[in-house]
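Here is a short briefing on side-chain contacts.

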Amino acid sequence: MTDEEFEGFYARAVKPLVGQVYLMTGDLHEAQDVVQEAFVRAWGRRAGLDAGAGPDAWVRTVAWRLAISRWRRGRRAAEAWRRHHRAHTGPAPEPDPGTVALVDALRTLSDRQRRVAVLHYVCDLSVDQVAHETGISAGTVKTHLSRARAALAPRLLEEEHGV
């Protein structure tokens with residue numbers, strides 16, 4: 001991929017990818033950070049990226065892995081603080097009032113169900129493409145999609161009807 005092709009790819013793909021990773025993580029700022037980092041890594045590999053082969057899947061996968069790594073690092077740091085009795089004593093942060101119902105509903109799913117649902121319904125990937133990107137079988141993807149739909153339906157219906 002040439003520099004110009006990469007710039008066009010970035011301009012076209014950055015907003016959708018941030019949105020997709022946001023729905024997977026539930027944290028907009030984290031999604032923006034990891035997508036930017038993934039694009040930085042893609043820039044270094046741009047010669048090997050094929051514009052026709054869907055480089056957005058590569059960037060999305062790298063962003064997802066970065067988000068997981070950051071989450072693990074944060075969890076380990078919090079555990080270290082607790083061990084040393086330096087726990088934060090202030091009030092917990094208030095939830096962002098701008099958080100949409102879909103993100104709240106997605107947060108109730110397991111990580112795998114949330115990722116599979118976002119890849120299939122938001123990124124519009126087929127079951128086989130989701131299986132390839134996540135490294136799980138197509139049958140397992142279908143199972144997670146079914147469970148995600150069953151879990152999301154009542155929450156989204158409540159929100160739609162103002163319950």
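A salt bridge here is a side-chain nitrogen of Lys or Arg within 4 Å of a carboxyl oxygen of Asp or Glu. By this rule the count is six salt bridges. The model is predicted: local features need pLDDT of at least 70, side-chain atom pairs count only at pLDDT 80 or more, and totals for chains, interfaces and linings use all residues. Residues are numbered from 1 along each chain as its sequence is written, and side-chain values use heavy atoms, with hydrogens and water left out.

**Salt bridges**

- Glu133 and Arg60 meet in a salt bridge, 2.9 Å from N to O. This pair links distant parts of the chain: Glu133 is in helix 6 (residues 127-134) and Arg60 in helix 3, 73 residues apart. Helices are DSSP runs (H or I, at least four residues), numbered from the N terminus.
- Glu133 is buried at 12% relative accessible area. Arg60 is buried too, at 3%. Buried means under 20% relative accessible area, exposed over 50%, and partly exposed in between (1.4 Å probe, protein chains only).
- Arg70 forms a salt bridge with Glu30, with the closest N and O atoms 3.4 Å apart. Arg70 lies in helix 3 (residues 55-83) and Glu30 in helix 2, so the pair ties together parts 40 residues apart in sequence.
- Arg70 also bridges to Asp33, at 3.6 Å between the closest N and O atoms.
- Glu30 is buried at 19%. Arg70 is partly exposed at 31%, and Asp33 is partly exposed at 42%.

**Aromatic rings**

- The whole structure holds five aromatic pairs. Rings of Phe, Tyr and Trp (its six-membered ring) pair if their centres lie within 6.5 Å; planes under 30 degrees apart are stacked, over 60 edge-to-face, the rest tilted.
- Phe6 and Phe9 have ring centres 5.9 Å apart and planes at 70°, so this pair is edge-to-face. Both lie in helix 1 (residues 3-25), three residues apart.
- Phe9 and Phe39 have centres 5.4 Å apart and planes at 50°, so this pair is tilted. It links helix 1 to helix 2 (residues 28-44), across 30 residues.
- Phe9 is buried at 4%, and Phe39 at 3%.
- Phe6, Phe9, Tyr10, Phe39 and Trp43 form one aromatic cluster.

**Arg107**

- Arg107 lies in helix 4 (residues 101-107). Arg107 is partly exposed at 41%.

Note on methods: Helix = DSSP H or I, 4+ residues; strand = E, 2+ residues; numbered from the N terminus.
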